[in-house]
Amino acid sequence: MKKITVNQELCDGCLDCQNSCESIHVASRITILEYDSSYYPILCQQCEDAPCVQICPTEAMAKDGVNSDRCIGCGLCSMVCPFGAITITPDVAEKCNRCADREEGPACIKACSKRAIALVDTDNLKAQKQEAYIAKLAGKTKKKNNSFVNVITSGARINKTYE
């Protein structure tokens with residue numbers, strides 16, 4: 001699954017992403033908030049067991065978007081969203097769908113001049129981090145032609161230290 005991530009260290013709070021999103025959609029589906037001189041994004045995380053989907057009385061909510069023809073704008077989805085990522089306009093709810101309808105990809109990513117926003121494949125990222133962590137624990141680096149990471153047990157590591 002692909003998710004939009006934001007590197008808070010690179011974000012300078014310019015709001016270009018927010019403005020770009022708002023120019024394409026009815027309302028911005030990303031909000032940047034400042035807290036202690038740092039900027040944090042608020043956007044839909046496409047929850048696996050999404051509470052907004054479960055509570056929607058018209059079944060307009062989906063994990064990855066809103067069916068605007070079915071949405072009545074009741075606001076229940078906004079109340080149960082753990083991230084506060086759903087905006088209610090006068091007639092309909094709005095939440096990030098990663099600009100699934102745009103060939104160019106998410107507007108917020110294109111608009112970010114600092115490259116603080118990215119679309120990442122979480123399954124691939126998870127596998128990379130696991131391999132890197134195991135390699136670090138083993139005191140080894142990943143070999144280019146070998147996808148298997150050798151793991152040294154703690155007993156073998158102690159014996160190696162004594163030698």
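Strands β2 and β3 run antiparallel and are joined by six bridges; two strands are taken to pair if DSSP finds at least two bridges between them. The model is predicted, so local features need pLDDT of at least 70 and side-chain atom pairs count only at pLDDT 80 or more, while totals for chains, interfaces and linings use all residues. Residues are numbered from 1 along each chain as its sequence is written, and side-chain values use heavy atoms, with hydrogens and water left out.

**Overall organisation**

- The protein contains six helices and eight strands, where helices (H or I, at least four residues) and strands (E, at least two) are DSSP runs numbered from the N terminus.
- Along the sequence, these elements follow the pattern β-α-β-β-α-β-β-α-β-β-α-β-α-α.
- Of the 163 residues in the protein, 31% are buried; buried means under 20% relative accessible area, exposed means over 50%, and partly exposed lies in between (1.4 Å probe, protein chains only).
- Among contacts with a separation of 6 or more, 51% are between residues 24 or more positions apart, a contact being heavy atoms within 4.5 Å.
- The protein exposes about 10800 Å², of which carbon and sulfur atoms supply 50%; accessible areas come from the Shrake-Rupley method with a 1.4 Å probe, and for residues only the protein chains shown count as cover.

**The β2-β3 hairpin**

- β2 and β3 form a hairpin with two residues between them, and Asp36 in the turn has a positive phi of about 50°.
- Glu34 lies in strand β2, and its bridge partner in β3 is Tyr39.
- With 53% relative accessibility, Glu34 counts as exposed.
- The C-alpha atoms of Glu34 and Gly13 are 7.4 Å apart in space, although the two residues are 21 residues apart in sequence.

**Nonpolar core**

- The largest nonpolar core has 27 residues, and those touching the most other members are Ile30, Met61, Ile86, Cys108 and Ile117.
- Such a core is a set of buried Ala, Val, Leu, Ile, Met, Phe, Trp, Tyr and Cys residues joined through side-chain atoms within 4.5 Å.
- Beyond its neighbours within four places in sequence, Ile117 is in contact with Ile4, Thr5, Val6, Cys17, Ile30, Cys108, Ile109 and Cys112.
- In soluble globular proteins, nonpolar side chains tend to be buried together.

**Cysteines**

- Zero disulfides are found in a search of the whole structure, a disulfide being a pair of cysteine sulfur atoms within 2.5 Å.
- Cys47 is in no disulfide, and the nearest cysteine sulfur, that of Cys44, is 6.2 Å away.
- Cys47 has 23% relative accessibility and therefore counts as partly exposed.
- Cys56 is buried, with a relative accessible area of 14%.
- Cys44 occupies the loop between β3 (38-43) and α2 (51-55) and is buried, with a relative accessible area of 11%.
- Not counting residues up to four places away in sequence, Cys44 touches Lys63, Ala85, Lys95 and Cys96.
- Cys44 and Ile4 are 40 residues apart along the chain, and their C-alpha atoms are separated by 8.9 Å.

**Loop residues**

- Gln46 lies in the loop between β3 and α2 and has a positive phi of about 45° although it is not a glycine.
- The relative accessibility of Gln46 is 2%, so Gln46 counts as buried.
- Arg115 is found in the loop between α4 and β8 (117-121), and its phi is near 60°, a positive value in a residue other than glycine.
- Arg115 counts as exposed, at 53% relative accessibility.
- Thr89 sits in the loop between β6 (87-88) and β7 (93-94) and is buried, with a relative accessible area of 10%.
- A polar atom of the Thr89 side chain lies 2.7 Å from the backbone oxygen of Val92.
- Leaving out residues up to four places away in sequence, Thr89 touches Val26, Ala27 and Glu94.

Key:
Polar contact = N/O pair within 3.5 Å; in protein donor to acceptor, adjacent residues only side chain to side chain.
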